[in-house]
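Subject: Structure handover

Hello,

Here is the structure for your files. Please look it over alongside the notes below.

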Amino acid sequence: MESWKTASAFIMPFAQGDIAHLFIEGIDRAYMEYLEAVIFAAFQENSESVVKSYVPEPEQIVELAILERTSKAALLSLMNDFQQLRREWVVGPMLDVVRSLPPEEMAAMAESLVEITSLRRRVDSDVESVAGPVDVALISKGDGLVWVKRKHYFDSLINKDFSSRREKRRMDR
């Protein structure tokens, strides 16, 4: 599972992290993989064209192997540079903001990421695995677990006997 962190800020999605990745990195993983494949294919096509045009037939196999290694190294360098650029321009500034957010706004951000994942699944996927109301809790050293937003598994207005039993138990303590 991918996560993003600096010295004092940390974002880690649970379960379905693809939409969080898109939001935080600014680009979809599948799109990055596609770009990488297309760029490598362009490098290869260009290399083959040059080799077949200017290198004698017996030496072409060796030259193509050398150029494939060179293309892989160039692609790796390009992708690393692109990742560094995203870290500096997109991820780093976002983590700086996250670090300074009050807990309530961090909770709202987490809830929003779940909601946008749910929306994406509804409009873009046959698999609807994130849906419905979202429970949100904050966990801190000082307060422990605190529910910010929590759905109830039943309506207390139509289950008055449960509320009265619960109140009676409190009084008996």
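The model is predicted, so local features need pLDDT of at least 70 and side-chain atom pairs count only at pLDDT 80 or more, while totals for chains, interfaces and linings use all residues. Residues are numbered from 1 along each chain as its sequence is written, and side-chain values use heavy atoms, with hydrogens and water left out.

Pocket

The largest pocket holds about 1100 Å³ of space. A pocket here is an open set of points on a 1 Å grid over the protein atoms alone, where a 1.4 Å probe fits, with protein on both sides within 12 Å along at least five of seven lines. Grid points are joined across faces, edges and corners, and the volume is the space filled by probe spheres set on them.

The lining of this pocket comprises 32 residues, a lining residue being one with an atom within 4 Å of a point. Nearest the centre lie Met 12, Phe 14, Met 106, Ala 110 and Ala 137. Helix 4 gives the most to the lining, with nine residues. At least two residues each come from strand 2 (10–11), helix 3 (60–100), helix 4 (103–124), strand 3 (136–140) and strand 4 (144–149). Helices (H or I, at least four residues) and strands (E, at least two) are DSSP runs numbered from the N terminus.

By type, the lining has 23 nonpolar, five polar and four charged residues. Ala, Val, Leu, Ile, Met, Phe, Trp, Tyr, Cys and Pro count as nonpolar, Asp, Glu, Lys and Arg as charged, and the others, Gly among them, as polar.

Ring contact

Arg 86 lies over the face of Phe 82, at 4.9 Å from the ring centre. The criterion is CZ of Arg within 6 Å of the ring centre and within 35 degrees of the ring normal.

Single residues

Ser 47, in helix 2 (residues 29–54), is buried at 10% relative accessible area (buried is under 20%, exposed over 50%, partly exposed in between, with a 1.4 Å probe and protein chains only). Beyond four places in sequence, Ser 47 touches Leu 64, Leu 67 and Ser 71, contact meaning heavy atoms within 4.5 Å.

Asp 28 sits in the loop between helix 1 (18–25) and helix 2, and is partly exposed at 24%. Leaving aside neighbours within four places in sequence, Asp 28 is in contact with His 21 and Leu 22.

Pro 133, in the loop between helix 4 and strand 3, is exposed at 57%.

Regards
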